[in-house]
Amino acid sequence: MKHRNTRELYDYWSRLRGPDAAPSRGAIEPAEIHALLGDTFILESAGPTQYPFRLAGTRLCSHFGRELKGRNFLTLWGDEDMEAIDTLLTAVCIDAAAAVIGVETLNDRGQSAPWEMVVLPLSRGGRVYDRILGLMAPLERPYWLDIHPVIRQSITSLRLIWPDERPVLLHPSIPAPSRVAMSPISAYRGDDLPEMPAGAIERGRRHHHLVVFEGGKR
């Protein structure tokens with residue numbers, strides 16, 4: 001993680017969850033992360049393709065030039081990334097995965113800037129993860145920030161972290177590995193980027209929203 005705020009929120013979330021896959025949503029104490037609240041948000045998993053903001057920090061709303069509460073998180077993304085983000089959030093809510101997302105934001109003048117985002121599952125109790133704690137912050141602070149609002153954002157990188165802290169790096173343009181692929185996002189581990197033969201997905205073994213391929217490097 002490149003931004004100190006994403007690292008700090010992840011470390012806080014990790015301490016709260018202890019040996020569990022995710023902490024209870026009631027365990028979050030705003031006073032303990034007060035310096036991060038302006039960049040922080042909470043999403044609700046409200047059904048297929050529906051992830052409305054329950055809360056959104058003041059700095060984040062200022063960067064987008066509008067109140068985000070109640071808006072669907074998916075609408076912040078371009079059409080080419082919306083399905084990939086939906087699949088990613090499915091992994092967060094079903095498998096309690098955490099994710100770090102590299103983001104390129106674009107303002108109404110066509111100017112862009114790199115950001116970093118972290119999304120983390122919160123439990124309602126047991127294995128039900130229907131809230132997502134997140135933070136989004138600019139890696140650079142361009143002069144136009146808070147003057148010209150962000151109107152669109154796109155994925156530049158993805159890192160998925162399973163509950164056992166096993167990382168998987170993801171990006172739509174990278175070929176999928178011989179072991180695990182996450183459709184519609186192609187996945188890879190480390191530097192091993194083997195080509196996937198035609199028809200491989202059809203031959204894979206499905207598990208929820210994942211396609212598992214046997215063999216290959218681990």
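**Figure 1. The largest pocket of the predicted model holds about 220 Å³ of space.** This is a predicted model, in which local features need pLDDT of at least 70 and side-chain atom pairs count only at pLDDT 80 or more, while totals for chains, interfaces and linings use all residues. Residues are numbered from 1 along each chain as its sequence is written, and side-chain values use heavy atoms, with hydrogens and water left out. A pocket is an open set of points on a 1 Å grid over the protein atoms alone, where a 1.4 Å probe fits and protein lies on both sides within 12 Å along at least five of seven lines. Its volume is the space filled by probe spheres set on the points, which are joined across faces, edges and corners. Fifteen residues line the largest pocket, and Lys2, Val100, Gly102, Glu116 and Ser157 lie nearest its centre. Strand 3 (98–107), strand 4 (112–122) and strand 6 (150–161) each give two or more residues to this lining. Strands (E, at least two residues) and helices (H or I, at least four) are DSSP runs numbered from the N terminus. The lining has nine nonpolar, three polar and three charged residues. Here Ala, Val, Leu, Ile, Met, Phe, Trp, Tyr, Cys and Pro count as nonpolar, Asp, Glu, Lys and Arg as charged, and the others, Gly among them, as polar.

**Figure 2. Arg59 and Asp39 form a salt bridge.** Side chains of opposite charge can pair when their charged atoms come close. A salt bridge is counted when a side-chain nitrogen of Lys or Arg lies within 4 Å of a carboxyl oxygen of Asp or Glu. The structure holds seven of them. Between Arg59 and Asp39 the N to O distance is 3.0 Å. Asp39 is buried at 5% relative accessibility, and Arg59 is partly exposed at 35%. Buried means under 20% relative accessible area, exposed over 50%, and partly exposed in between (1.4 Å probe, protein chains only).

**Figure 3. Asp130 has salt bridges to Arg124 and to Arg131.** The N to O distance is 3.2 Å for Asp130 and Arg124. For Asp130 and Arg131, the closest N and O atoms are 3.7 Å apart. Asp130 is buried, with a relative accessible area of 11%. Arg131 is buried at 11% relative accessibility, whereas Arg124 is exposed at 54%. Through salt bridges that share partners, Arg25, Glu44, Arg54, Arg124, Asp130 and Arg131 are joined into one network.

**Figure 4. Phe41, Phe53, Phe73 and Trp77 make up one aromatic cluster.** Rings of Phe, Tyr and Trp (its six-membered ring) pair if their centres lie within 6.5 Å; planes under 30 degrees apart count as stacked, over 60 as edge-to-face and the rest as tilted. Five aromatic pairs are present in the structure. Phe41 and Phe53 are edge-to-face, at 5.6 Å centre to centre with 70 degrees between the planes. This pair links strand 1, which holds Phe41, with strand 2 (residues 53–56), which holds Phe53, twelve residues apart. Both Phe41 and Phe53 are buried. The rings of Phe41 and Phe73 have centres 5.7 Å apart and planes at 25 degrees, so this pair is stacked. Phe73 lies in the loop between helix 2 and helix 3 (79–95), 32 residues from Phe41. Phe73 is buried as well.

**Figure 5. Strand 5 (residues 131–138) is largely enclosed by the rest of the structure.** Eight of its eight residues are buried. In a regular strand the side chains alternate between the two faces of the sheet. Arg131, Leu133, Leu135 and Ala137 point one way from strand 5, and Ile132, Gly134, Met136 and Pro138 point the other way. Two strands pair if DSSP finds at least two bridges between them. Strand 1 and strand 5 run antiparallel and are joined by five bridges, with Phe41 opposite Gly134. Strand 4 also pairs with strand 5 in the antiparallel sense, over eight bridges, and Val118 stands opposite Leu135.

Definitions and conventions
1 Å grid on protein atoms, 1.4 Å probe; cavity = no way out; pocket = protein on both sides within 12 Å on 5 of 7 lines; lining within 4 Å.
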